[in-house]
Amino acid sequence: MTRKNRLVVVGNGMAGARFVADLIDRGGADKYDIVMYGDEPYGNYNRILLSNVLAKTQDPKDIFINPLQWYAEQEVTLHAGTRVVAIDRRARRVLADNGSEQRYDTLVLATGSTPFVPPFAGLAGEDGQYKKGLFVFRTLDDCEGITEFAKTSRKAAVIGGGLLGLEAARGIQELGVEEVHVIHLTSHLMEMQLDATGGGLLKDSLEGMGFRIHLEKSTREIMGNGRVTGLRFSDGTMLDSDLVVIAVGIRPNIDLAQRAGLSTVRGILVGDDLQTVDDPRIYALGECVEHRGNTYGLVAPLWDQARVLAERLTGLRPDAVYTGSRVATKLKVMGVDLSVMGNPVKQEGDEEISYVEQSRGVYKKVLIRDGRVAGAILLGETSRSAHLLQLFDRGQDAPESRSDLLFPAASDGSQSLESLPDDHQICNCNGVSKGQLVGAVEKGCRSLKSLCDATRAGTGCGSCRSQVEGILELATDGDTEEDPSIHYYVPGVPLSKPDLVAAIRKRGLRSVSAVFAELAGGRDDPKSKMGLASLLKTIWGSEYVDQRDARFINDRVHANVQHDGTYSVVPGISGGVTSPDQLRKIADVADKYAVPMVKITGGQRIDLLGVRREQLPGVWRDLGMRSGHAYAKSVRTVKTCVGSEFCRFGLGYSTQLGVEMEERFKGLESPGKLKMGVAGCPRNCSEALVKDVGVVAVEGGRWEVYVGGAGGSHVRKADLLTVADSHEGVLRLSGRFIQYYRENANYLERTYSFVPRIGIERIRKIVVEDADGIGEELDAALQASVDDYSDPWLEATAPAHPAQFASTFSS
C-alpha cells in the first residue's frame, strides 16, 4: 500500500478548514493523511456570524461550519485547542505548545489574523491581564465574555467605527445595554469601504437607532483601577463606561512564519501558486498571507485561495493559480444594507454616477474607468448589486445609459438573476453560488428558510436574502412553500399574534422574561423584547410587569435621543392648543437650561432640542406639563385646524374635537406610532386624509372618519371608515378601530399597511357594524387602557432606578 503524504495544516479557521474541505471534495483524502491544528478548542465556525451570536439572534452551535464530529467522519486528525509554536523546516516538523511534534511532507499555514490593540494607557491591571470589562471581539470566547459582562453593564463604548466595531456595537445594544457609544478616529465611519457621503449617511442611520457616534476622537487611556470605568481622550474629555470593546482592525498573524525564517512584510509572502517564496514544501493562505502586495480580510478571497490550493495539491489542476481577487462585498451593517465593490475612490479621468436620498439613508455611487465599473457603493438600497457585481467581476462594458447601473429598467427584475451563471457567488459570507442554491432546490428545499438552512446562504449578514428568495422563485417556477415563521409576531417566539395573545392570557404571563421562559424554551431574544413589551402592556395594562431592558432607550428615559446624545423634549399640547402660561413656562425652561433649539414641529407642537440626559427630570418638573409621547410607539398627536371656532369655512369644531381625542387616547401603546388629525372642513388644512386616524367635518354637523393614511416616506390617502353624527360617535368608533389595530396588527406594522392587509370592508364590518359581536369587548379593553394611563414624566420625581438619568460625558 502506497504511503500517503502527510499534510499538516496550521490553523482551523475559515481559510484552513475551507481548504481542507475543498481538498477532500476533490479526492485529497486518497492522497494525503491530513493533520490540523487549531488554537480554539472547537471545530470551525463562521466568524462573520459572531455579531449574531453576540446579539443573541443565533445560537453558537448554529454558526459551526465543521463541528468536531466532521473531522472524525472525514478521517482528519484535529488537535483542537493546541497551538503550533515552532516550525523545524530542516526536519520538516512542527512543534506544539503541549510539547508534541508532528512530521509533515507538505505544510499549509492558515494562521489568520489577530485583533490589533493600540498601546492605550491603562489596558492591563496589576495582574498584567486586561482590566475587567475590557474585551476584543474576535472569537466565541470573546462573545461569551462580553455577553456575561453586559448583564450588569449600563454604558458601553466600542473603540472602532469599522465593520467589526459597528457589529460589536449592534450586538451589545441587543444585549440590553442602555447606552452604546462608538468611538472612531477618522472623520467618517467605515472609511475603508465608504466615502465621506456614505459614511455620513450611515452615521445618521445609526444615530436614529440610538447609538452615540463620536468621530475624530482619539482614545488615550482606559480608565479604572482593575476594572474599566471609562475612557480618556487626547482632547482631555472623558466618557464614563463600564464595558469597553476594542475593535480597531486586524493584523495578519505572521509570528510563527517569522520565527521559521519565512519572508514576511505585512503578511507571509506567497506567489500565484500560494507557495511561500522561501520553501517549496510550505504554502500559506487566508488572512495571514500577502499576495502581490495585497492582504485580504474578506471571505471571498479566502474561498478563492482555498479552491486554488486544493486543486493544485490534489493534482486536479496542478497549474491552477491565484491571481488576486476583485474585492466586492455585501454586508448588513446594523440592519442597513451595504454593497461595496472595488475601490470607490475617484481617480483622475473616472466618470462618477451618484444618487443621494438623505431622508431614507440611501446612497448609490458608481465609478466608471475606461468604460467599465471600477468601484461602487450601494447603501440602504442594494437591488442593483447583482447586476453591478456581474459587470464588475467580468470587466464588462458599462451600459450607455448610466442610470441603469443605479436603477432597474422597466424590463429588468428576475431576469438579472436568471442570466447569472451557476458559479456566480450569491452569498459572500458563506461562499454559496447560484448553482448550489438551485441544486438545493432540486433536492427538495422549497421554502426560503429550508433553502437558507441547507446552504447557509443568507445566514450571515443577511444582505443576500432577497437574491436567495429570487433564485428560489426562479428554480421552483413560483411553486414555493410558505415558511411558518413569517407569521410569528416576534421572531423569538414561534407563535402568531392570536396564538401568542391566547397563550399569554391563559398562562398569565405578565413580563417579557416570563414569555421567554414559558413560550420560547427559556431563550431570550433581544429583537423580540420591545414588541413583547408593547403587547404585554396592551394586554395587561397596570398589571404588566415592567422590565426596563425590554425597552428602547427612548422609552427608558421618555425622550427622543438625538445624534449627539442629547434629547428632544416635546410637552403635551393637546390639539395644538396652548396658552400664554404654557408658552411662558416653555420659554423660561429654554432659558434656564440653555436649550440650543426651540422648534415648532410638523405636528403643531413645541420641541426643545439638545437637552442633556441629566437635565430631563428638571426640565419636566419646571414645565409642569405632561409628556407629548413624541418618542414612543403610541398615540402621538392630533393635528387640528381652527375650524368653526374662528374659520369662516369651518363646518365643525375641529379644535375642540382634536383636544378631546388627544386627551382620551394620549400615550396608548400600539404596534406602531399613531398620528391623527381633525379638519374643520373638506379643505383638509390639518392633513387629516393622510393620518392613521383622520376626521373631517362635513355638512349637517357630521364627521367623516378615515383610517390607514400616511404622509411620510410612504404616502397613502386614508380609507373612509364611517360617518359619525357627533363628537361622541367619533371618539367611540375611532377608539374601537384603534383597539382593533392594537390587538391585531403585527409589531411595527403601521395602519397604512394594516388597513389594506385586513381590508377596509372587513374593518368596517367589525368596527362599525359589529358583525363579529366584539364591539363591546373592544370598547371595554380600550377604556381599561385609558384608565391605566400614567404620565411617564412623573419619573422626574420617582426615577425607575438611580442611574436612569445619569450623565454620559465629563471633562
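The expected span of a helix is taken as 1.5 Å times one less than its number of residues. Helices (H or I, at least four residues) and strands (E, at least two) are DSSP runs, numbered from the N terminus. The model is predicted, so that local features need pLDDT of at least 70 and side-chain atom pairs count only at pLDDT 80 or more, while totals for chains, interfaces and linings use all residues. Residues are numbered from 1 along each chain as its sequence is written, and side-chain values use heavy atoms, with hydrogens and water left out.

**Helix α21**

Helix α21 (residues 654-665) has 12 residues and reaches 16 Å from its first C-alpha to its last, close to the expected 16 Å. Its buried residues (buried: under 20% relative accessible area; exposed: over 50%; partly exposed: in between; 1.4 Å probe, protein chains only) are Ser654, Thr655, Leu657, Gly658, Met661, Glu662 and Phe665. They cover an arc of only 160° around the axis, which puts them on the same side of α21; the arc is that of the directions from the helix axis to the C-beta atoms. The elements covering these buried residues include β34 (635-640), β35 (674-679), β36 (693-698), β37 (702-707), α22 and α25. Just after α21, glycine 667 adopts a positive phi of about 75°.

**Packing of α22 and α25**

Helix α22 (residues 727-744) packs with helix α25 (residues 775-787) at an angle of about 85°, their axes lying 9 Å apart. Axes are lines fitted to C-alpha atoms, for helices over the stretch in contact, and angles run from 0 to 180 degrees between N-to-C directions. The two helices are therefore roughly perpendicular (65 to 115 degrees; under 35 is roughly parallel, over 145 roughly antiparallel, the rest oblique). On the α22 side, the residues in contact (heavy atoms within 4.5 Å) include Arg732, Arg736 and Tyr740, and on the α25 side Leu778, Asp779 and Leu782. The residues of this contact divide into four nonpolar, four polar and five charged. Ala, Val, Leu, Ile, Met, Phe, Trp, Tyr, Cys and Pro count as nonpolar, Asp, Glu, Lys and Arg as charged, and the others, Gly among them, as polar.

**Two individual residues**

Threonine 219 lies in strand β15 (residues 219-223), and proline 756 in helix α23 (residues 751-758).

| Residue | Relative accessible area | Class |
|---|---|---|
| Threonine 219 | 10% | buried |
| Proline 756 | 44% | partly exposed |

Leaving aside neighbours within four places in sequence, threonine 219 is in contact with Phe120, Ile159, Ile183, Leu231, Arg232 and Phe233. With the corresponding neighbours within four places left aside, proline 756 is in contact with Arg716 and Thr751. Proline 756 and proline 301 are 455 residues apart in sequence and 46 Å apart in space, C-alpha to C-alpha.
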